[in-house]
Amino acid sequence: MAEALLNAADTGEILLPKQRRSWDRAGGAALPGFVMLVGQRQPRPPVIIAGYAWHPLLSFAAGERNRLRLESAKRINEWLKSDPDLSLIVPIKERSLEIFGDEKRLDQLRGGTTNLFGQVSLSSLGCRLCPIPLPFEAGPAAARGQPILIVENNDTWASFSAWNRGVGRYAAVAYAGGGHGKSLAYDEMFIDELISRFQSEGLFYFGDLDPAGLRIASRAAERRALRGSLALQPAAALYAWLLDRGTRTSLQRTEKATVADLVWLPEYLRDPVEALFAKGHRIPQESLGTRALAVGDIHF
């Protein structure tokens, strides 16, 4: 029996245990305490049969070898064959649900870009990305075309929104979500939607006068510059007011401003801000709140 079992293992019909304690050696020739039958593996059917017709948008898929990508391309191809109405551009997750029965699949396929498989644009499938919205309050109708102001913190945003209802200096006052030291808390692409909606030709940012606040703004400005978007500029008059009249508080020793962050400010503010930090101080933007705005002594 021992010889028969070894022969079966050699031909791949069974698997023998690997651990020594799973063998019985009491009767001379060692016998396994158990064996595992190896079922014959059935070959998977091909995703695409010979002669399969691809839509021109997906003709490149004929040479695709990755099974998962090929299956996804085929689902899109079958959907395109149904002659869908592409005249109405819908959000990407709605289109994904329609094609795959999974609202997240197209997002997975695009991999952070605006193309699927590196070649198929979202617009060719009649869909678009929908950025996470940035909370904002529109100014008076007469302020349409005026700049947009993005404010870092919630309470200051509330004060500026209320003030702007009367003065209409900004087309909209948007809330940056308090920031988190790396970026705006909401999708920056939504800023471009606001600019288009209000036909604004200027975009300004106002945050805390500390290294973290400058970092949030300067890095967002850098990303916008790389995309060729409308520049995110510092609200210089508001920062100047903070330097002149704002309440100083202690700056944590670990907080440091980089040269790149300081360069985002206009030249005449850089040295005073650097000196502020060198003294171990910061100025919360809440210094310029409802009371100060009501006085109206900000020189824009």
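Q: Is F136 buried or partly exposed, and why?
A: F136 counts as partly exposed because its relative accessibility is 27%. Buried means under 20% relative accessible area, exposed over 50%, and partly exposed in between (1.4 Å probe, protein chains only). This is a predicted model, where local features need pLDDT of at least 70, side-chain atom pairs count only at pLDDT 80 or more, and totals for chains, interfaces and linings use all residues. Residues are numbered from 1 along each chain as its sequence is written, and side-chain values use heavy atoms, with hydrogens and water left out.

Q: How many aromatic pairs are there in the whole structure?
A: A search finds eleven. Rings of Phe, Tyr and Trp (its six-membered ring) pair if their centres lie within 6.5 Å; planes under 30 degrees apart count as stacked, over 60 as edge-to-face and the rest as tilted.

Q: Why is the pair of F136 and F198 edge-to-face?
A: Their planes are at 80 degrees, so the pair gets that label, with ring centres 5.9 Å apart. F136 is in strand β9 (residues 136–138) and F198 in helix α6 (residues 189–198), 62 residues apart. Helices (H or I, at least four residues) and strands (E, at least two) are DSSP runs, numbered from the N terminus.

Q: And F198, why is that buried?
A: Because its relative accessible area is 9%.

Q: What about Y205 and W264, what kind of pair?
A: Edge-to-face, at 6.3 Å centre to centre and 70 degrees between the planes. Y205 and W264 are both buried.

Q: Which residues form the aromatic cluster?
A: F160, W163, Y170, Y205, F206, Y239 and W264.
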